[in-house]
Amino acid sequence: MPLSGDLLRLADAVLFPGFTGHMPPDWLRRRLGDGLAGVVLFSRNIADPAQVARLTAALRAENPSVLVGTDEESGEVTRLEVATGSSRPGGYALGVVDDVALTEALARDLGGDLAAAGITLDFAPSADVNSNPDNPVIGLRAFGADPVLVSRHTRAFVRGLQSAGVAACAKHFPGHGDTSVDSHHGVPVVSDDGIEDALLPFREAIKEGVKAVMTGHLLVPSYDAELPATLSPKVLTGLLREELGFQGMIITDGIEMAAVAGEHGIGGVSARAIAAGADAICVGGERADEATAAGIRDAIATAVTQGLLPEERLADAARRVRELASWAASSGSRPSRDHSIGLVAARRAIRVTRRSAAPVLPLTSPAYVVELAPEMNLAIDRNTPWGVGEPLARLLPDTVVTRLAVGDSTGSALERLVKESVGRPLVIVVRDVHRYAWQKQALRHLLSARPDAVVVEMGLPARSDLGAVHIATYGSARVCGQAAAEVLTSSHE
């Protein structure tokens, strides 16, 4: 039985597909002309802010009310600054500073950059409470491990972003922080005794008027022991809509992720998510082709004809998407941007622990920098620049920088680095060293030979008693590296 054009258009009104290229392909232009709700921009769509502005203008030429979303959290998860690294630290650094006025101002500044590029929906902030230090996917993206602290900074970030006319989207509901599984690969389970703490930042974001909430592909047994949140009417309708009172747009995390897409396929799971209470489907991080977007649209429409998805529920979802698009088209002012605020925040987040009576800092001669680089989760673009070596080399010319991945850190390679560093200050840069056995072993090897070395932790610092001086940046954004380089070369902390 052929699907009606009206039903297909209604299905398109809840889709946010990704695509490839720096300008919209022909298939996307056609779909936008037929009422496609929005698009999601990934790193592959972004060269620089001017190009993004041209891209979003081309999208609006086809559909003036299109919502353009992206994952711009600042810090590790950046899209607008993927080529250079973020000019703003991420959530954890802001939580360490714990100045809500700074968080709000930084988010307003970020919103100004997004608005200038034509982006109207930011999948940020992460409202997750990172109560599990071994969390493989949240970590530095959260404001911290204390639900009250996370709540106040979530509210501040929402205020700042939305004051610039960009819709904030609190994620990953009902909280991805107390988990040890990455939902890109499997289904994390949220423990019953941690759910109230996890929900607190979302409750506060709703009070602040957050315009959107992104679902997490998480199993929450205290609410639904069988279906992950994205597919659970008990979680999305019963908890988020009815108990928490959220009336804005609910959008799924990437629907192609392994945690949900397996049993029913991408189209089938999309229809089930809408039936459960989601209003919009995010897709395209890994599947960005026309066939995927068309298949999801057709599967949603077919679910209506088969009675799996009530047409009134689909129409209600499309209405909420339209309401957000209307707000984005008419709301907010364009703030003057302060491009120094990110570096100010990164400097304030630095924490230095001196463990040697010797005057290790400041460094006054070219250093030898060893950066231990773990493989990052899929939310972080692996090509995003990070580290201390490059900014330190600008301050101390002739500084040598070597980067090692897991397969490179052999005993012979480390011995070679020790020999090459003789006569130079040694700086060892790590990233979440507590989570990677190979980093621990490499760090132990280097420090046994060079106890005078400085350790810079650009992830979560589980301990600060490593190296003659330990510097915690609470982030690996470009400005975090610059702030660390400044500490290394100056007596000011």
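Asp98 counts as partly exposed, at 32% relative accessibility; here buried means under 20% relative accessible area, exposed over 50%, and partly exposed in between, with a 1.4 Å probe and protein chains only. In this predicted model, local features need pLDDT of at least 70 and side-chain atom pairs count only at pLDDT 80 or more, whereas totals for chains, interfaces and linings use all residues. Residues are numbered from 1 along each chain as its sequence is written, and side-chain values use heavy atoms, with hydrogens and water left out.

Asp98 lies in the loop between α4 (91-97) and α5 (100-116). Helices (H or I, at least four residues) and strands (E, at least two) are DSSP runs, numbered from the N terminus. Although Asp98 is not a glycine, its phi is positive, at about 55°. Tyr474, also not a glycine, has a positive phi of about 60°. Tyr474 is placed in the loop between β14 and α17 (478-489) and, at 15% relative accessibility, counts as buried. Most residues other than glycine have a negative phi, and most peptide bonds are trans.

Two cis peptide bonds are described next. The bond from Ala124 to Pro125 is cis, with omega near 10°, and Pro125 is found in the loop between β4 (121-122) and α6 (147-163). The bond from Phe173 to Pro174 is likewise cis, with omega near 5°. Pro174 belongs to the loop between β5 (167-173) and α7 (195-208).

The protein chain contains 17 helices and 14 strands. Its radius of gyration, taken over C-alpha atoms, is 23 Å, close to the 23 Å that the globule rule gives for 493 residues, so the chain is as compact as a globular protein of that length. The rule is 2.2 Å times the number of residues to the power 0.38. Along the principal axes, the C-alpha atoms fill a box of roughly 75 × 45 × 40 Å. Of the 493 residues, 61% count as buried. The chain exposes about 17800 Å², of which carbon and sulfur atoms supply 51%; accessible areas come from the Shrake-Rupley method with a 1.4 Å probe, and for residues only the protein chains shown count as cover. Among contacts (heavy atoms within 4.5 Å) with a separation of 6 or more, 77% are between residues 24 or more positions apart.

Helix α1 spans residues 5-12, and Leu7, Leu10, Ala11 and Asp12 are buried in it. The cover over the buried residues of α1 includes β1 (15-16), α2 (26-33), α11 (290-305) and α12 (311-330).

An open sheet is formed by six strands in the order β9-β14-β13-β12-β10-β11, with mixed pairing. Its edge strands, β9 (351-354) and β11 (400-404), each pair on one side only. Neighbouring strands of this sheet are turned by 15° against each other on average, direction ignored; axes are lines fitted to C-alpha atoms, for helices over the stretch in contact, and angles run from 0 to 180 degrees between N-to-C directions. Two strands pair if DSSP finds at least two bridges between them.

Strand β13 (residues 454-457) runs parallel to β14, joined to it by four bridges; Val455 stands opposite His470 in β14. In β14 (residues 469-472), Val469 and Ile471 point one way, while His470 and Ala472 point the other way, and all are buried. In a regular strand the side chains alternate between the two faces of the sheet. Strand β10 (residues 368-372) is joined to β11 by five bridges, and these two strands run parallel. Val369 stands opposite Val401 in β11.

A search of the whole structure finds zero disulfides, a disulfide being a pair of cysteine sulfur atoms within 2.5 Å. For Cys169, the closest cysteine sulfur is that of Cys282, at 9.0 Å, too far for a bond. Cys169 has 0% relative accessibility and therefore counts as buried. Cys480, at 1% relative accessibility, also counts as buried.
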